[in-house]
Amino acid sequence: MIVRADVGVDVGVCVGVDIDVCVGEGLYDTICLLGILAGANSGQILVRAVSGLVSLPGVGSGCAGTTPVTVVRMRLLCVAAAACVAAAACVAAAPPGSCPRMCFCPLDLRGRRQVICNTGGLVDPLPVLDMPSDAEVLEIGSPPGRPNTITLGPIFKEHRRLEMLSVTGSGVPALGAHSFWGLRRLHTLNVSHNAITAIIDTNFRGADNLHTLDLSHNQVESVPSAVFRHIRNLRYLSLANNRLPEMVPRLLYGLSLLETLDISHNALGILPHDRFIDSPNLREVRCSACGLQTVSAKLLEALPELRLLDLRQNRLTEVPPVAASRHLSTLHLDENHVSTLVTNGLSGPPLATLTLANNRLASMNPLAMANSSLKHLDLAYNRLTRLRSDALSDGFTRLRHLRLTGNPMRVDKLVHVIPRTRQLRHLELAEMGITQLPGDLLRQSRHLKSLNMSGNYLSEFPVSALFATPHLTILDLSHNNFRGLERDLVTAFTTMASLEKVWMQGNPWQCQRCHVAPMLDWLKDPHASRHPHAESVCRIMPMSPRCLRCSGPPELAGKELQLLDKAHVPECVDDAPAWPAWLGDKQSDERRPPRDHLSTDSSKDMTESLDIFFGDHMALIVGVGCGLVLALLLVIVAALLLARRHSALYYTNEPADQDSSQKLMSRNNNDNSPPGPRSPPRASTPYTPRSGASIATIEEVDSIAGSTIDLQVGKELRAPRIVRLAASPLP
C-alpha cells in the first residue's frame with residue numbers, strides 16, 4: 001500500500017499537490033513502520049522537505065519481533081512527524097502576502113493574477129497587506145444578504161500593478177482623497193452599488209490613465225463642476241441610478257475624450273445643450289427615466305459624433321428632431337408618450353435602429369419613414385390598427401427586424417405590408433389576437449430566420465408559410481389554441497433542413513389519436529432535433545415548461561404529452577349532436593370564415609375606406625363632435641333663461657287679489673267636508689270689471705270657480721264645474 005502525504009501550497013493555501021521527495025537512509029525502517037500502520041507489508045511516504053532526512057527513532061532494520069506497545073508508539077510518532085512536515089511545507093512554501101484566507105487568487109484568461117474576495121462579510125481594515133503585491137486585478141464584492149462594510153482611502157500604494165479595481169456592494173460611504181494615487185496602470189475603476197453621497201475632485205487624482213469609471217447605484221446628490229479634470233483620458237462614465245437633481249455647468253470639463261455617458265435614472269427634468277460642450281466626441285448618451293418632456297435640436301447639434309441616444313421611460317410626446325444629428329444610428333424611445341410619427345420625422349441621419357415599444361402610437365403621417373435607412377423597428381404594444389402604405393414609403397426596404405407585438409392590428413392589414421420587407425430576418429406578431437395566418441403573408445420573406453406567433457388564437461399553421469421561408473430556424477407557436485398538429489405540418493417540420501426549434505408550450509393539447517398521433521411519433525423520435533420538447537426533457541424535468549401537457553380528455557388532463565404511449569391514447573369521440581333532418585340531407589362541410597375576415601370584397605372595401613377616413617380625420621371628428629355638444633348645451637341654457645324671464649314678467653303684471661287665497665282655502669274645505677248642514681255662504685265680493693285686459697292667473701281662475709254670482713234675485717248659482725277642472729293642475 002502506498003501512503004502519500006498530499007501536501008502542497010498554492011498562493012498560500014494547501015490545496016493537495018502531490019510532493020515527491022523520498023526520505024533517505026532509514027527508508028526500510030520507515031517502510032516497515034508504515035506497513036504496520038496501514039496493516040500491509042509495505043508502504044511509502046512521499047514528503048517534500050527543505051533539507052535533511054526524516055527518521056523515526058526506535059525503528060530497527062526490520063519489522064520482526066515488534067511488540068504491540070512499540071507499534072502504538074510508532075503510530076503516534078509517525079502521525080506527529082507527518083503533521084509537522086506537512087505544516088512546515090505549507091508555511092515554507094507560502095510567502096507572506098500571497099492571498100488572504102477569505103479570498104482566492106486565480107489567473108484570468110489573459111494570465112493576470114487576480115485577487116477575488118466575494119464571500120462577503122468583510123470589515124475594516126481591508127486585508128490589502130495580505131494580498132500579492134503583483135496583483136493586477138482586484139475584485140471585492142458580496143453576495144445578497146451578506147454585504148461588506150469597508151472604507152476606501154490611500155491603501156493601494158503597494159499595488160502599483162493594478163489594472164482593474166472593483167469594490168461593489170461594500171457600503172463604501174465616500175471615496176477618500178488621493179485614494180488611487182500612484183496607480184498609473186489603473187484603467188478600470190468600479191465603485192458601484194455602494195453608499196457614496198458626494199464626489200470631490202481629489203478622489204481621482206493620480207489615476208491619470210483611467211479609462212472607465214462606474215459610479216452607478218450610489219446616493220450621489222452633488223457633483224461639482226470640473227470634478228473629473230484629473231482623469232482626462234476617461235472614455236466611459238456612469239452616474240446612473242443616483243440622486244442628481246441637475247447637470248451643473250462644466251460638469252464634463254476636461255473630458256474631451258469621453259465617448260459614453262450614462263446618467264439614467266436621475267430626476268434631471270431637462271438636458272441643456274451647453275452641458276455637453278466639453279465633450280464633443282460623445283458617441284453614446286443614455287438618459288432613461290430622467291423625467292424629460294422634450295429634447296431640443298440644439299442638444300443634438302451639440303453632439304456631432306452621437307451614434308446612440310437612449311431616452312427610454314421618459315415623458316416625450318414626439319420623436320426628437322433626429323435630422324439635426326448627422327451620425328445617429330440607434331434611438332431608443334420605449335415607454336414614452338409618443339402618439340404619432342410626423343412627416344419626414346425619421347429622414348436625415350443613417351438611423352438603423354428605432355424602438356418605440358410601449359408608447360401611445362396610434363397613427364403615422366404620410367411619408368413618416370421617407371428616406372429612412374431603418375433595419376430594426378420595434379413598434380410593440382402601441383395602439384396601431386394598421387400600417388399606412390403611404391407612411392412607409394421606402395422605409396421598409398432595408399428592414400431586418402420588425403416587432404409589432406401587442407398592437408390591435410388586423411392581420412389582413414399586413415398582407416400588403418409584410419411582403420414589401422424582402423430583407424426581413426426576424427418578425428414578431430405575438431399577442432395580436434390573430435385567429436388565422438394568411439398563407440401569402442410571408443410570400444416574399446424567403447430570408448426570414450425567426451417568426452414569433454405566440455400568444456394568439458391560432459389553431460392551425462399553413463404549410464405554405466414554411467415553404468415560403470426556407471431559411472427559417474426558430475418558430476414560436478406557444479400559447480395559442482392548437483389542439484394538435486396535422487400530419488403534413490409535422491412532415492414539413494421534419495423535412496426542413498434549417499428549422500432548429502419549434503416552441504409549442506401553453507397550447508390546449510387534446511390527447512386523442514386524431515389530434516396528437518403525428519406529434520407523438522415526432523416527439524419520441526430520438527433523432528429528431530427540431531423541437532425543444534423532446535421526451536427526455538419530461539423524464540428529467542417533469543415540471544419544466546418545455547414539457548407539453550394535455551388539456552383533454554378529462555382522464556388525461558395534466559399528463560405529459562411526451563410520455564404518453566401511443567397505443568394507449570384514446571380514439572376521438574364525436575360528441576356533436578345529430579344533424580336535424582329538417583335542415584337538409586347533410587351538414588355543410590364549408591368552413592366558416594374567421595372573425596377577422598370579411599365575407600365580400602365590397603364590404604371589405606367599404607370597411608377599409610371607413611377605417612382610412614376615421615384614421616385620417618379622427619381629430620377633426622372629435623373636434624366637431626365636441627363643438628356640437630357645446631352648442632347644444634348653450635341652446636338649452638338659453639331656453640332656460642328665456643323661460644325664467646317670461647315667468648318673471650308674467651307674475652309681475654298679475655293683479656293682487658287679497659281674498660283669492662282665502663276663497664281657495666274655503667272652497668277646498670267645503671269640498672272636502674263630510675255631508676251635513678252647510679254653513680251659510682259668505683257674502684260674495686262684487687265683481688268689478690277692469691279697464692285693461694290681462695291674463696288671469698291660476699289663483700284667479702280658481703277664485704272665480706269658487707265664487708258665487710247673483711243671477712236672479714234671491715238665488716245663488718255656482719260657476720260651472722268645468723271651469724275649476726280646467727284650471728286645476730294635471731295629476
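Modeller: Let's start with a definition: two strands pair if DSSP finds at least two bridges between them. Keep in mind too that we are looking at a predicted model.

Colleague: Fine. What joins strand 3 to strand 4, and in which sense do they run?

Modeller: Three bridges join strand 3 to strand 4 (residues 188-190), and the two run parallel. Pairing needs at least two bridges, so three are enough to call these strands a pair.

Colleague: How many helices and strands does the chain have?

Modeller: It has 13 helices and 23 strands. Of its 731 residues, 39% are buried.

Colleague: Take helix 6, then. Which of its residues are buried?

Modeller: In helix 6 (residues 487-495), the buried ones are Leu 489, Val 490, Ala 492 and Phe 493. They sit on the same side of helix 6, because they cover an arc of only 155° around the axis.

Colleague: What is on the other side of helix 6?

Modeller: Arg 487 and Thr 495 are there, and both are exposed. As for the buried residues, their cover includes helix 5 (463-467), strand 18 (474-476), strand 19 (501-503) and helix 7 (513-523).

Colleague: Why does Leu 282 count as buried?

Modeller: Its relative accessibility is 0%, and buried means under 20%, so Leu 282 is buried. You'll find Leu 282 in the loop between strand 7 (260-262) and strand 8 (284-286). Leaving out residues up to four places away in sequence, Leu 282 touches residues including Leu 258, Phe 276, Leu 303 and Leu 306.

Colleague: Why does Glu 560 count as buried?

Modeller: Glu 560 has 18% relative accessibility; that is under 20%, so the word still applies. Glu 560 is in the loop between strand 21 (550-552) and helix 9 (601-616). Beyond four places in sequence, Glu 560 touches Cys 538, Pro 542, Cys 547, Leu 548 and Arg 549.

Colleague: What makes a polar contact with the side chain of Glu 560?

Modeller: The side chain of Arg 549 does, at 3.2 Å. The cut-off is within 3.5 Å, so this distance passes.

Colleague: Is Asp 390 buried, exposed or partly exposed?

Modeller: Partly exposed: buried is under 20% and exposed is over 50%, so a relative accessible area of 33% falls in between. Asp 390 lies in helix 4 (residues 389-392). Apart from residues up to four places away in sequence, Asp 390 touches Pro 366 and Leu 367.

Colleague: Is the peptide bond from Asp 124 to Pro 125 cis or trans?

Modeller: That bond is cis, with omega near -5°. Most peptide bonds are trans. Pro 125 is in the loop between strand 1 (114-117) and strand 2. The bond from Gly 552 to Pro 553 is cis too, with omega near -5°, and Pro 553 lies in the loop between strand 21 and helix 9.

Colleague: What is the mean pLDDT of the chain?

Modeller: The mean is 76, and 67% of the residues reach 70 or more. Over residues 676-692, though, pLDDT stays under 50, and the model has nine contacts beyond four places in sequence for them. Residues 705-731 also stay under 50, with 25 such contacts.

Technical notes
Residues numbered from 1 in each chain as written. Predicted model: local features only at pLDDT ≥ 70, side-chain atom pairs only at ≥ 80, totals over all residues. Heavy atoms only, no water. Buried < 20%, exposed > 50% of the residue type's maximum accessible area, 1.4 Å probe, protein only. Helix = DSSP H or I, 4+ residues; strand = E, 2+ residues; numbered from the N terminus. Arc of directions from axis to C-beta. Contact = heavy atoms within 4.5 Å. Polar contact = N/O pair within 3.5 Å; in protein donor to acceptor, adjacent residues only side chain to side chain. pLDDT = per-residue confidence, 0-100.
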